[in-house]
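Subject: The structure I promised you

Hi there,

Have a look at it first, then read my notes below.

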Amino acid sequence: MSPADDGPPALLSSEDVKDILRLLDGLGFGEFTLETGRFTIRLTRAADGGWAQQTQVVTGPVAAAEAAAAAGAPPAAGPAGAADGTWIEDKGHALAAALPGPGPAAAADGGWREIRAPLPGTFYRAPQPGAPPYVEVGSLVGTGTVVALIETMKLMNPVYAGTAGMVSEICLADGQFADSGVVLMRVAAPSPAAG
Amino acid sequence: MLHRILIANRGEIAARVIRTCHRLGIETILAVSDADLDSQPARLAGRTVRIGPPPPAESYLNVAAVVAAATRAGADAIHPGYGFLSENPRLASACAAAGLVFIGPAAEQLALAGDKLAARALAAGAGLPVLPGGQVHDPAAAEALAAGIGWPVLVKAAGGGGGRGLRPVHSPGELAAAAGQAAAEAQAAFGDPRIYLERFVRPARHVEVQLLGDGDRVIAIGDRDCSVQRRYQKVIEEAPAPSLDPEQRAALHRAAVAFGTRLAYRGLGTTEFLVGPDGGCYFLEMNARIQVEHPVTEAVTGLDLVAEQIAVAEGRPLRLGQADVTVTGHAIECRINAEDGQGRPSPGTVTRAVFPAGPGIRTDTGIQAGSAVPPWYDSLLAKLVVSGPDRAAALGRLGPALDRCEIGGLATNLPLHRALAADPEFAAGAVDTGFLERFAARAAAGAGAAHG
């Protein structure tokens, strides 16, 4: 018994699909499309004689009458990585392959350069919970300095400065979500006079 | 008898569990974060209940929110899938307190399996071979222990597992510092600073045995090889494990059943073993949940493991005896992930999703054209499972099946899988856990040479 009037959008089982394919093979058809109010399935014969399928559930989700989100206050916001433990792996293994540097950081007004998020994800300032941050305002960085981590799809991705200078602003709080391309930090270019 | 199950998970495993529930006539409620309100599994489920914002700590890892959602939706049980809260004893206890059935083992069994040192001790007590090693009580004293074990050693966190909390150490000079740092990290990540050492065996294969228990009787449901790994994450799995001699296979199954029996295990679980170059088998850990790679076992046994899992959670005795489990043919699973050629994650929106169909082919997925692939969760998009009367037949299906997969809108590791399916070393079978890194390095060198 389904709670919804029409029931959930039961898809064809893989056995159903195999039966249809057997039929199509016997009839020599190369394509089959079935559309119902709940789903569509399209079967197409590939060049090698095998079949490919595209399935689309067209009914929207049915929300239960009452949202339970209010129940149980979310735990204090902390590094999500700590909860699933992704922080602890040996860094040589845990870190995703080095991301291409953001390229020469665009010089903004007054010699500021920006370090942007290379991927969407959660911004962390330290290699693991409780560890000192990679950089603080005032830290000197070089092009290859790791200044933060972005956790995307459970992988810790190092963020490189991509420029040399002094960190003048850290724009996000630790543990905050950053969309791809968001400015994470600003770096003051070394003044030629100071050299 | 369960009538309405809340599924506290997402992606392909949510869709997978929903499918079996509906086949069994069980209503489904899917717990969803704000990032998954319109996911494919949300559309497949009978109903959805919002449990919180996208970050896992505020939704899929929030025990109170998950239990409250189940209670309010009138569910009589919670299926936790894998990952997230699936092995968290607090969810099992909270279910018991709320009068809900937790579809998994008892809280004490989860706690024991989750404590890798306790599991190691239990395995040794049940007569299973374990790697030489032991707990490090004092980083300074670790060197004497390591000298007894033999170099190199692996520093492991008691609260880790599944490739988390591992640190290889190759020489005595690095050990004290590595042990100290590992303990501090283990405290921060798992709230448990205990660490232990084990001999670091290479080359090694990763072979695991599927268990099913009803709290009284435990049976083995075949084995799997999961040696094709990158950064300790499995990429390809197969059943049965290739190139084990019959005595070795029987010994592994006996060891796994002995461990499960000692635990009086109830539910689906997997005991993981390391198989060394000399053929020696050593207990590694137990995963007290359904595994990502369970479909390869289903393909060669004809069983629906989720249905069996639900049946024992209902309190029924096992419906199968050991003699009823027969393994026929061979199956190979490819994990299709949203990641580029270098293993970098690739969240985004799926614009096209085409999968192969036909005899000996199964695809488990939670995406369709238009699906969001959010940055907060793991990168698994789909599992392609091919099977045939033997390994060669399954491999023969793999390449053409992969060629028919098309996922648009984001980068995937389909090119890696296609290259692996055509690789002679993989085709020969019984590769070790270092194979994929070597393969990737070779592929990168080849690409460099081609461009140079």
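This is a predicted model: local features need pLDDT of at least 70, side-chain atom pairs count only at pLDDT 80 or more; totals for chains, interfaces and linings use all residues.

Let's start with chain A. It has three helices and eleven strands, and along the sequence they come in the pattern α-β-β-β-α-α-β-β-β-β-β-β-β-β. Chain A has 195 residues, and 36% of them count as buried. If you take the contacts in chain A with a separation of 6 or more, 56% are between residues 24 or more positions apart.

Now for the sheets. As a reminder, strands of a sheet pair through backbone hydrogen bonds, either parallel or antiparallel. One open sheet in chain A has four strands in the order 8-7-5-10, and the pairing is antiparallel. Its edges are strand 8 (155-160) and strand 10 (177-178) of chain A, each of which pairs on one side only. Further in, strand 5 (residues 121-124) and strand 7 (residues 146-152) of chain A run antiparallel and are joined by three bridges. If you want a pair to click on, A:Tyr124 has A:Leu149 of strand 7 as its bridge partner.

Which order do its five strands follow? They go 1(A)-2(A)-3(A)-17(B)-21(B), in an open sheet with antiparallel pairing. The edge strands here are strand 1 (31-35) of chain A and strand 21 (406-408) of chain B, each pairing on one side only. From one strand to the next, the twist averages 20 degrees. Strand 1 of chain A pairs with strand 2 (residues 39-45) of chain A over five bridges, in the antiparallel sense, and in strand 2 the partner of A:Glu35 is A:Thr40.

There is a helix to find here too. Helix 1 (residues 14-27) of chain A lies across strands 1, 2 and 3 (51-57) of chain A together with strand 17 (352-357) of chain B, and it runs at about 40 degrees to strand 2 of chain A.

Over to chain B and its helices. Two packed helices are described by the angle between their axes and the distance between the axes. Helix 4 (residues 89-98) and helix 5 (residues 107-114) of chain B pack at about 175 degrees, with axes 8 Å apart. An angle over 145 degrees counts as roughly antiparallel, so helix 4 of chain B is roughly antiparallel to helix 5 of chain B. The contact is made by B:Pro89, B:Ala92 and B:Ser93 of helix 4 and B:Ala107, B:Leu110 and B:Ala111 of helix 5. By class, that gives five nonpolar, one polar and no charged residues.

Helix 4 of chain B has several buried residues: B:Pro89, B:Leu91, B:Ala92, B:Ala94 and B:Cys95. They pack against helix 3 (63-72), strand 4 (77-79), strand 5 (101-102) and helix 5 of chain B. After helix 4 comes B:Gly99, with a positive phi near 75 degrees.

The last pair is helix 7 (residues 142-149) and helix 8 (residues 172-190) of chain B, which pack at about 125 degrees with axes 9 Å apart. That angle makes helix 7 of chain B oblique to helix 8 of chain B, and their crossing is right-handed. Helix 7 contributes B:Ala142, B:Glu143 and B:Ala146 to the contact, while helix 8 contributes B:Pro172, B:Leu175, B:Ala176 and B:Ala179. This contact has six nonpolar, no polar and one charged residues.

Cheers

Notes. Residues are numbered from 1 along each chain as its sequence is written. Chains are lettered from A and ligands numbered from 1 in the order in which they are written. Axes are lines fitted to C-alpha atoms, for helices over the stretch in contact, and angles run from 0 to 180 degrees between N-to-C directions. Helices (H or I, at least four residues) and strands (E, at least two) are DSSP runs, numbered from the N terminus. Angles under 35 degrees count as roughly parallel, over 145 as roughly antiparallel, 65 to 115 as roughly perpendicular and the rest as oblique. A crossing is left-handed if the near helix is turned anticlockwise from the far one by less than a right angle, and right-handed if clockwise. Two residues are in contact if their C-beta atoms, placed from the backbone, lie within 7 Å. Ala, Val, Leu, Ile, Met, Phe, Trp, Tyr, Cys and Pro count as nonpolar, Asp, Glu, Lys and Arg as charged, and the others, Gly among them, as polar. Two strands pair if DSSP finds at least two bridges between them. A residue is buried if 20 or more other C-beta atoms lie within 10 Å of its own, exposed if 12 or fewer, and partly exposed in between; C-beta atoms are placed from the backbone.
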